[in-house]
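Trainee: Hi! Could you walk me through the aromatic rings in this one?
Mentor: Happy to, let's have a look together.

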Amino acid sequence: MAPKRKDGSGDELTGREKKKMKMTAARTIAVQSANTVSFSEKSVAGPSKVAVNGLNGLPSAIDVEKFAEARAFEIDAMHNAMKNASASSTSRAWQALPRHLRRRAASHDVRRVPLRLREKARAEMDPLHKKASGHSLPKLGKNKRLKRTELFAKRQREKSWLETHIWHAKRMKMDNLWGYRLAVHPTEKSYRPSHRASVHGSIIHDASYHSIIELKGTEPILKRALDTSCDPNGPSPGSRRYSSGSRALETYIYKSGSYPFGLISPITVIWKPLPLNSPSVIDEENKQVPDPVFADQSSSKRKRESKGKEKEKENSTLPDSETPRVVWIISHPSAYQDVLSSIRTSASLTLEAFRREDENKEVEIEIGDLRGQVNIFEIMGPKSNQVLKGALSPISQDKREDFKKFWSRFTNMQTSAEMSRGTVVGFKVVDPRLKFPPKNAQVQAPPVNDIPSTTVFPSAQLAQCDLWDGAVRTKLARPRYKKKDLDERRSKLLIPGTPLNPERQDDRIPVLLIQRSLEALESKTQGIHGWTLIIPSGWAMAFFSSLVYTGTRVGGQRERQTQAFEAGMPYFPRDLPTSVGYDTYATARAKEDKGRWDRKPPAKRPNYEKLGTSSPWRADWHGVLGLPCPKFEDEANTSGAEGFVSTQREPADEIGITDEGPQMWLLRGSEVPSVISNMSKMFIKGAAVLQEVNKLRAKRGLEALGSSIRADDLLKRALVSVRISMCGRGAPEDLAIIYQVSNDEGKKWERALRNPLGGYHEEETEEEEKLSEVIPPESSIIGYVTTGHFSLSQGQGFGIGAIPLVKFLELREQAERRHTNTTSLISSLLVKVRNRSGQQCRAAHIEILAC
């Protein structure tokens with residue numbers, strides 16, 4: 001047997017033996033030898049030997065000081081042993097910290113460790129090893145050193161930082177996205193806690209990277225320009241409901257006049273409210289819906305008062321058509337250039353139409369870029385009301401009755417869904433740093449028989465805010481007082497911890513609160529509600545620190561996408577296959593997935609060819625629709641026409657037309673169920689689609705689609721968004737394949753899934769296993785899952801995807817044939833879903849995603 005030592009002498013110890021000796025020495029308590037002990041009358045606290053026959057040898061009293069002096073060596077040895085034992089443990093100093101206090105630099109920078117563990121961390125660092133690892137570069141001279149601001153500016157040449165970047169960089173995984181350095185997800189395990197926070201607590205996301213476009217002009221021109229580009233499904237951006245400025249509209253924008261083609265991205269439209277003395281605002285206040293309790297008492301009185309004021313309102317000020325208005329359009333940063341191009345085209349076409357109507361009238365639309373002028377925070381969850389109420393302190397000079405009612409009810413709201421969707425609230429707050437640290441407002445339960453009489457309705461008076469003024473934003477771009485100035489004021493307080501009283505010189509910051517809801521129509525998914533907080537630039541950290549201090553979790557891009565997924569809502573751009581940003585997203589994801597797949601050995605990666613997955617890296621929508629496969633970016637770069645762009649403009653009446661026919665388009669919106677219901681009643685489905693599309697275009701004053709677009713081609717190139725709910729086991733993943741089920745197989749699946757007691761089987765039956773092993777041919781593919789995962793809110797596999805409209809109508813007819821005895825409408829259609837790396841096809845139900 002070979003010796004354990006190199007030379008066989010046994011003089012050299014192994015690492016295990018060295019560690020064992022070190023631990024033994026650390027846990028050994030030192031003992032004082034008898035020769036070194038010097039006894040004296042002063043140090044004797046009592047005899048060390050006791051007579052066996054009784055307690056005669058014990059003293060009647062013990063002097064504590066003499067006793068401690070006599071036992072000083074033993075006490076000191078015990079303290080040293082405890083200290084050495086804890087210091088020689090296998091855990092490092094930074095591992096003793098809780099997860100939320102750990103930092104990436106704590107392992108090699110002692111200053112990153114809290115003060116109580118700094119000595120231990122310094123002792124753990126091996127100076128010899130640190131010196132051998134490499135020589136540090138010499139420091140620059142005093143004159144050549146870059147300032148902190150210049151150093152940060154140098155690091156932002158290719159991307160921009162948010163104002164909260166340094167805070168996020170210490171705690172989040174960062175990545176370069178859309179020209180910004182953004183947080184992807186927290187470094188700690190927080191997937192489930194973040195979901196629980198959005199459902200039961202509160203979670204905040206810094207969305208200051210969103211782009212804001214400002215439009216200025218008269219109201220009729222702005223309304224027509226927005227109607228030309230925005231989605232005709234749902235309300236118009238120029239409707240009185242939103243043009244008063246009391247509500248914000250969440251809609252989608254298309255290329256100018258090209259609906260249903262040219263989908264760009266979702267947007268939020270906010271109108272600046274009219275002044276309080278304008279006739280429109282006064283008329284709106286008189287038309288507000290009263291409280292249900294006092295409706296009968298006030299209706300007759302309101303009618304008598306309104307008759308005498310009609311003539312006064314006619315001659316008050318300028319009419320609404322001549323009043324200058326301002327509109328903000330908030331969009332995703334990846335679609336900013338396309339949104340701006342669509343708005344410019346719509347504005348130019350609208351101005352030309354107005355000038356043709358009246359050549360002597362001068363009309364114009366001003367388009368401004370507000371990127372970097374405001375900060376946006378999204379605070380979601382039922383406790384967001386208490387967090388905002390505790391962090392924000394409105395100024396006492398605000399005398400608006402509507403705002404007083406709102407602020408008094410704000411704390412006791414169980415969720416922001418109690419307010420109307422998109423409600424806009426504007427007010428001024430004092431510097432949140434004055435009352436730091438904040439405390440969450442406590443909910444007070446109202447009496448049982450108490451009927452709330454302070455119902456708050458959206459109004460232009462409630463939405464008044466100085467944040468719309470560019471001069472105010474410029475003035476507040478930098479806080480007047482720094483943190484050290486406020487700390488100096490705080491140090492002079494008689495009672496430590498007392499909030500600072502706002503003085504006349506302190507800043508008053510205008511803010512906008514917008515009610516935000518992630519809730520799908522006609523869905524079983526649980527909605528998530530919260531608020532969007534808009535503040536001037538330069539104040540992000542002042543507000544962010546107060547909002548986070550009370551336990552609000554912070555989310556990145558992953559948490560924001562998860563909120564939309566759990567609510568059953570599509571997320572841009574991954575769930576909108578025909579949008580402008582989808583191709584860029586799909587190409588980047590395909591490159592990343594393929595690179596990760598190539599780095600793995602063949603035995604550790606799935607063989608997609610044997611699994612029958614023809615398109616593992618990106619969804620083949622053209623193949624599903626039966627269209628010729630186009631060249632993507634990586635393929636197009638290999639052609640000889642790289643870098644050349646056509647200088648010819650596309651004719652306005654030929655938008656959406658390619659050499660092979662109409663473009664691929666997505667049928668989406670709140671009116672999709674009614675559109676499909678009307679189509680199913682008609683014999684010629686293509687003509688029905690064309691009729692419904694032209695009807696929606698007519699709502700916005702757009703011309704009907706040109707004769708070059710055939711009805712059948714329009715139907716064959718249409719996709720529709722769907723929700724996928726698994727019938728039993730399994731969870732769909734991203735890019736999972738959706739298969740169509742034949743009539744015979746569909747009946748077998750329904751028999752296998754049917755439970756005599758109702759619902760589905762909790763465990764997979766033998767018949768289900770046999771049916772799951774049958775993989776349909778490639779010709780049965782009807783769609784793909786764009787986002788799939790296990791839904792924490794539903795407790796089962798869930799996904800969002802898209803299928804051709806023709807296939808959805810076929811599935812609908814197939815389900816009606818199988819359920820001829822039932823008269824109810826079949827809302828859930830049976831399909832099969834297989835993950836791209838899976839070998840089993842699970843049964844699932846799909847339904848229309850109307851939002």
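**Rings and their partners**

Mentor: Arginine 605 has its charged end over the ring of tryptophan 597, 4.0 Å from the ring's centre. A charge sits over a ring if NZ of Lys or CZ of Arg is within 6 Å of the ring centre and within 35 degrees of the ring normal. This is a predicted model, where local features need pLDDT of at least 70, side-chain atom pairs count only at pLDDT 80 or more, and totals for chains, interfaces and linings use all residues. Residues are numbered from 1 along each chain as its sequence is written, and side-chain values use heavy atoms, leaving out hydrogens and water.

Trainee: Which arginine lies over the face of tyrosine 252?
Mentor: That's arginine 668, at 3.7 Å from the ring centre.

Trainee: Now ring on ring: how many aromatic pairs are there?
Mentor: The count is 22. Rings of Phe, Tyr and Trp (its six-membered ring) pair if their centres lie within 6.5 Å; planes under 30 degrees apart are stacked, over 60 edge-to-face, and the rest tilted.

Trainee: What sort of pair do tyrosine 254 and tyrosine 259 form?
Mentor: An edge-to-face one, with 5.1 Å from centre to centre and 80° between the planes.

Trainee: Is tyrosine 254 buried or exposed?
Mentor: Tyrosine 254 is buried, at 1% relative accessible area; buried means under 20%, exposed over 50%, and partly exposed in between (1.4 Å probe, protein chains only). Tyrosine 259 is buried too, at 4%.
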